[in-house]
Protein chains: 2
Amino acid sequence: MIGVDWGTTSLRAYRLGADGRARDRLDRPGGILTVAPGGFPAALQDAIGPWLAAGERHVLLCGMVGSRQGWVEAPYLRCPAGPAEIAAATIAIPFDGAECRLVPGLTTEDAAGIPDVMRGEETKLVALAESLGTALACLPGTHSKWARLEDGRVTGFTTHMTGETFAALSEHTILARTSTDGPDVPEAFARGVDRARQPGGLLHHLFGARTLHLMDRLAQAETRSFLSGLLIGHEIAAAAADARQVHLASAAHLAALYAAALARNGIAVTQHDPDLVAQGLARIGRDLGWV
Amino acid sequence: MIGVDWGTTSLRAYRLGADGRARDRLDRPGGILTVAPGGFPAALQDAIGPWLAAGERHVLLCGMVGSRQGWVEAPYLRCPAGPAEIAAATIAIPFDGAECRLVPGLTTEDAAGIPDVMRGEETKLVALAESLGTALACLPGTHSKWARLEDGRVTGFTTHMTGETFAALSEHTILARTSTDGPDVPEAFARGVDRARQPGGLLHHLFGARTLHLMDRLAQAETRSFLSGLLIGHEIAAAAADARQVHLASAAHLAALYAAALARNGIAVTQHDPDLVAQGLARIGRDLGWV
């Protein structure tokens, strides 16, 4: 089978062997935002045509290609959901020369009834859940996802707008004056993480990044790292309050920051290869009888 | 005496009578950012020249004119501080034809040793403290100030970057897509205030403004008010956790929002005329022997 992770800014495709491993892969720009209306079949054919010509007959797509802005909108599937439920909720897309299905995103509601959603991450979590069974998983990013995995299924999750909030605050507030780009400063990051555990609230702690600088207690080159630690610290305080161990899957830079912040909160960290999507697509494909 | 509140974007001057009331006032653009280096004496002369010509001999300045970007930097005075301490810490500025002094800003440190600062608000708080004695005061804004007033002095305070965070998030994140300008929607604002009391943390609650819209449970015209209620609710949760009554001084729009959010948290609100600065300048002037 062929697995495709088609997101907002890129397309990643995998030719998956009978063992679920990627025998071949392709990574290109050409995210869904670059595709003109009606252009999805041709764009997909352009990407995976050679593999189809070589005899592949099944294509499983995940990511924002299944959103309102994508090819076809795949409704969100409610948690708890594992590979079996997700496979059953995939939707068929007409595509010449192959059976093509779309992975749905997941939705959940917290105790207050407020909804949360993910699209694309569910496929990575399926892979993590397969190997971990029961765990608390964190996929950090612009919109960090924290998911409870139980017996191989995703039973609930929360999204934290940490990365996007960091960008907005460090570029579009008074903190921008002193948040200069530059190398990470681990000591300043740790001070931000520690500050997040103190009383006062995030909106007050933010101003501390300004006043510490004003009082010559935080250098210009340190403000960005302090702010990053502060926000990640607040995320961890909310998402992992009672956790003793967190499973982290992320690209190297964010993985290092989150691992440091978790360790500083006394939480054990297991890091995972962030390249989980091929494995997740293969796992769902198995429940479709494609692998 | 003459009192001047010279901020970043405007200059407000008051001719104060022996009873401390403003007999005449002047409000103009021409904040400190518009003044060229060395131009402060001439700009002040231009604003209050007629009153000096009429015999005024004392000028008291407060606000950002005393900051590093202003005329002369007046070092921050440490809390607790009342009018007597503030008067004693004013600094003299050479100015032809009148005795001219600058009100210092205030600084404090929380239990963790993190500093906070204000400049300009101390003069308003002096006025509030004179009439209230002991109280919790809130001056909402871009950088909201919450001050403990005891026996007519400011004994401590916290700054919350609420207004500026609201602007950054509503204009420079995914929430901008649905945070359209428009009239306040009180019901959506109240939902945001209530959400702030629930678990999950601010960074998670922010994403809820997105998902509620995605699920057709928050209209585009409501998102801005929901976000505003969410942030003000988080500010109140941090700043007024144990408060039973808050004294609020702000322009009408913000005063209405904060009063609604405080009431929704079961906290009694007393609203005050936000035009407090003339009264505060007169009160400090009394300790200088100028009134």
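How many aromatic pairs does the structure hold over all chains? The count is eight. Rings of Phe, Tyr and Trp (its six-membered ring) pair if their centres lie within 6.5 Å; planes under 30 degrees apart count as stacked, over 60 as edge-to-face and the rest as tilted. The model is predicted: local features need pLDDT of at least 70, side-chain atom pairs count only at pLDDT 80 or more, and totals for chains, interfaces and linings use all residues. Side-chain values use heavy atoms, without hydrogens and water, residues are numbered from 1 along each chain as its sequence is written, and chains are lettered from A and ligands numbered from 1 in the order in which they are written.

In one of these pairs, the ring centres of A:W6 and A:W71 lie 6.4 Å apart, with planes at 80°, so the pair is edge-to-face. This pair links distant parts of the chain. A:W6 belongs to strand β1 (residues 2-6) of chain A, and A:W71 to the loop between β4 (58-62) and β5 (77-78) of chain A, 65 residues apart. Helices (H or I, at least four residues) and strands (E, at least two) are DSSP runs, numbered from the N terminus. Both A:W6 and A:W71 are buried. Buried means under 20% relative accessible area, exposed over 50%, and partly exposed in between (1.4 Å probe, protein chains only).

A:W71 also pairs with A:F40: their ring centres are 5.9 Å apart and their planes at 10°, so this pair is stacked. A:F40 lies in helix α1 (residues 40-53) of chain A and A:W71 in the loop between β4 and β5 of chain A, so the pair ties together parts that are 31 residues apart in sequence. A:F40 is buried, as is A:W71. Ring pairs link A:W6, A:F40, A:W71 and A:F95 into a cluster.

Rings also meet charges. A:R119 lies over the face of A:Y76, at 4.4 Å from the ring centre. In chain B, the charged end of B:R119 sits over the ring of B:Y76, 4.4 Å from its centre. The criterion is NZ of Lys or CZ of Arg within 6 Å of the ring centre and within 35 degrees of the ring normal.

The arrangement of the two chains was examined next. A rotation of 180° with 0.0 Å of shift along its axis superposes chain A on chain B (RMSD 0.0 Å). That is the relation of a two-fold axis. The superposition is by least squares on the C-alpha atoms of residues with pLDDT of at least 70 in both copies. A:A168 comes closest to the rotation axis among the residues of chain A, at 2.8 Å (C-alpha). Of the interface residues of chain A, 100% are also interface residues in chain B, so the copies meet through the same surface.

An open sheet of five strands has the order β12-β11-β10-β13-β14 (chain A), with mixed pairing. Two strands pair if DSSP finds at least two bridges between them. β12 (153-160) and β14 (268-272) of chain A stand at the edges with a single partner strand each, so one side of each lacks a neighbour in the sheet. From one strand to the next, the twist averages 25°. Strands β10 (residues 135-139) and β11 (residues 144-150) of chain A run antiparallel and are joined by five bridges. Here A:A137 stands opposite A:A147 in β11(A). Helix α6 (residues 202-214) of chain B packs on the sheet, touching β11 and β12 of chain A (contact: heavy atoms within 4.5 Å). The direction of this helix makes about 95° with that of β12(A). Axes are lines fitted to C-alpha atoms, for helices over the stretch in contact, and angles run from 0 to 180 degrees between N-to-C directions.

A cis peptide bond joins A:C79 and A:P80, with omega about 0°. A:P80 is in the loop between β5 and α2 (83-89) of chain A. The bond from B:C79 to B:P80 is likewise cis, with omega near 0°. B:D151 has a positive phi, near 50°, in a residue other than glycine. B:D151 lies in the loop between β11 (144-150) and β12 (153-160) of chain B and is exposed, with a relative accessible area of 68%. B:D216 is not a glycine either, yet has a positive phi of about 60°. B:D216 sits in the loop between α6 and α7 (220-239) of chain B and counts as exposed at 67% relative accessibility.
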